[in-house]
Amino acid sequence: MSMAYEDYMRQLVQPMRDELVRAGFRELRTSEEVEQFMKQVEGTTFVFVNSVCGCAAGLARPAATQAVLRSEKKPDHLVTVFAGQDKEATAKMREYFVGYAPSSPSMALLKGKEVVHFIPREDIEFHSMEDVMENILAAFDKYCN
């Protein structure tokens, strides 16, 4: 790929990254960062698999950020990987989603390294932002302290 294309894509996705970082998510951009995080993780972790698609922008990211802001019960950790951009990090994180097909965008709530709640694209696309947010909040309420 040309450098012009790579530069364009970096500029295009930066606001999508920033939206989650401002809400308290930590970006994991390499497979090594994912491995290091997962090696020592304890408690609950909310993982957001970011994407450039419209349902990520209009539904998934707003639902995730609002759920984090509004929830009384919060996960211990908030992390994000970016499908299509940080491919190795996304692939490494998906290794922990045992039994779940790759999906972008998607969200997973983990207890330790085990997925206890998963929201695939089909539970985001064609749903309202409020419905997706309620799905996240219900998982936080059930699994987070």
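## Surroundings of Phe97

Leaving aside neighbours within four places in sequence, Phe97 contacts Val47, Val49, Ala108, Leu110, Val115 and Phe118. The model described here is predicted. Phe97 lies in the loop that runs between helix α4 and strand β4, the latter spanning residues 106-111.

Phe97 has a relative accessibility of 3% and therefore counts as buried, the cut-off being under 20%.

## Packing of α1 with α3

Two packed helices are described by the angle between their axes and the distance between the axes. For helix α1 (residues 3-22) and helix α3 (residues 54-70), the angle is about 20° and the axes are 9 Å apart. Helix α1 is therefore roughly parallel to α3, a term applied to angles under 35 degrees. The crossing of these two helices is left-handed.

On the α1 side, the contact is formed by Met16, Glu19 and Leu20, and on the α3 side by Arg61, Pro62 and Thr65. Classified by type, the residues of this contact comprise three nonpolar, one polar and two charged.

## Packing of α2 with α4

Helix α2 (residues 31-40) packs with helix α4 (residues 87-94) at an angle of about 30°, and their axes are 7 Å apart. From α2, the residues Ser31, Val34, Glu35 and Met38 meet Glu88, Ala89, Lys92 and Met93 of α4. The contact of α2 with α4 consists of four nonpolar residues, one polar residue and three charged residues.

Methods: Residues are numbered from 1 along each chain as its sequence is written. This is a predicted model: local features need pLDDT of at least 70, side-chain atom pairs count only at pLDDT 80 or more; totals for chains, interfaces and linings use all residues. Side-chain values use heavy atoms; hydrogens and water are left out. Axes are lines fitted to C-alpha atoms, for helices over the stretch in contact, and angles run from 0 to 180 degrees between N-to-C directions. Helices (H or I, at least four residues) and strands (E, at least two) are DSSP runs, numbered from the N terminus. Angles under 35 degrees count as roughly parallel, over 145 as roughly antiparallel, 65 to 115 as roughly perpendicular and the rest as oblique. A crossing is left-handed if the near helix is turned anticlockwise from the far one by less than a right angle, and right-handed if clockwise. Contact means heavy atoms within 4.5 Å. Ala, Val, Leu, Ile, Met, Phe, Trp, Tyr, Cys and Pro count as nonpolar, Asp, Glu, Lys and Arg as charged, and the others, Gly among them, as polar. Buried means under 20% relative accessible area, exposed over 50%, partly exposed in between (1.4 Å probe, protein chains only).
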